[in-house]
Amino acid sequence: MSRVITETDRLIIREFNLDDAKAVYHFNTPKEVNRFTGDAGMCESVKDAEQIIRNIWLVEYQKFGYGRWAVVLKESDEVIGFCGFKNETRINAVDIGYRFHPDYWGKGFATESNLACIDYAKKHMALDRILGDVVVENLDSIKVLKKLGMNYIGQYQEKGFTLNRYELLLKRKTE
């Protein structure tokens with residue numbers, strides 16, 4: 001049984017486990033899912049999905065206490081994508097991210113799941129600042145980051161893409 005992080009009216013947000021490999025492969029398969037992510041080709045089989053879960057997400061849960069979390073649709077108990085935080089050594093910061101199968105795009109799941117993650121982080125995590133990087137052409141993801149309350153702070157180039165960087169200060173109260 002995977003640890004439940006939080007939930008919303010429609011979603012359960014929990015840690016991934018190896019039983020989720022088929023679902024991870026499924027939501028990564030459509031080409032449009034990875035068009036702007038910079039990791040296209042990393043999840044070409046259920047075996048690849050198992051390795052992502054085992055070697056990345058489960059390791060991050062152990063090391064940091066968080067990582068990308070499974071988004072489960074309550075009505076069907078189906079894993080439809082991921083949301084949440086990643087300690088991103090590439091940018092030396094904590095990144096917020098999400099990925100869903102295209103069948104679930106445009107239904108508010110990215111905003112709903114990540115608002116729940118932000119609320120969870122404010123209450124239970126020692127995060128003060130999170131970043132969100134998005135390719136400038138990915139207008140839907142830019143809308144999501146703005147709905148999360150993130151503010152545009154700059155732009156940079158990477159791997160042939162122009163990315164906008166957004167920031168959210170969680171402003172934890174000091175005890």
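The structure is a predicted model, in which local features need pLDDT of at least 70 and side-chain atom pairs count only at pLDDT 80 or more, while totals for chains, interfaces and linings use all residues. Residues are numbered from 1 along each chain as its sequence is written, and side-chain values use heavy atoms, with hydrogens and water left out. Helices (H or I, at least four residues) and strands (E, at least two) are DSSP runs, numbered from the N terminus.

- Thr6 has its place in strand E1, which spans residues 4–7, and with a relative accessible area of 18% Thr6 is buried, where buried means under 20% relative accessible area, exposed over 50% and partly exposed in between (1.4 Å probe, protein chains only).
- When residues up to four places away in sequence are not counted, Thr6 touches Ile12, Ile13 and Ala116, a contact being heavy atoms within 4.5 Å.
- Ile13 belongs to strand E2, residues 11–14, and counts as buried at 0% relative accessibility.
- Leaving aside neighbours within four places in sequence, Ile13 is in contact with several residues, including Val4, Trp69, Cys83 and Cys117.
- Although Ile13 and Gly81 are 68 residues apart along the chain, their C-alpha atoms are separated by 9.9 Å.

- E2 and E3 pair in the antiparallel sense over 4 bridges, and two strands are said to pair if DSSP finds at least two bridges between them.
- Leu11 has Leu73 in E3 as its bridge partner.
- E3 also pairs with E4 in the antiparallel sense, over 6 bridges, and here Trp69 stands opposite Cys83 in E4.
- The hairpin of E3 and E4 has 4 residues between the strands, and in this hairpin Asp77 takes a positive phi near 60 degrees.
- E3 is mostly covered, since 6 of its 6 residues are buried.

**Aromatic pairs**

- The structure holds 9 aromatic pairs, where rings of Phe, Tyr and Trp (its six-membered ring) pair if their centres lie within 6.5 Å, and planes under 30 degrees apart count as stacked, over 60 as edge-to-face and the rest as tilted.
- The rings of Phe27 and Phe82 form an edge-to-face pair, because their centres are 6.1 Å apart and their planes stand at 75 degrees.
- Phe27 lies in helix H1 (residues 21–28) and Phe82 in strand E4 (residues 78–88), so this pair ties together parts that are 55 residues apart in sequence.
- Phe27 counts as buried at 1% relative accessibility, and Phe82 is buried as well, with a relative accessible area of 7%.
- Trp69 and Tyr120 form another edge-to-face pair, with 5.9 Å from centre to centre and 90 degrees between the planes.
- This pair links distant parts of the chain, with Trp69 in strand E3 (residues 68–73) and Tyr120 in helix H3 (residues 109–124), 51 residues apart.
- Trp69 and Tyr120 also belong to one aromatic cluster together with Phe64, Tyr66 and Phe85.

**Helix H4**

- Ser141, Ile142, Val144 and Leu145 are buried in helix H4, residues 139–147.
- Seen down the axis of H4, the buried residues fall within an arc of 160 degrees, so they line one face of the helix; the arc is that of the directions from the helix axis to the C-beta atoms.
- The face of H4 turned away from this buried side carries the exposed residues Leu139, Asp140, Lys146 and Lys147.
- The buried residues of H4 pack against strand E5 (93–100), H3, strand E6 (129–135) and strand E8 (161–169).
- Gly149, which follows H4, has a positive phi near 90 degrees.
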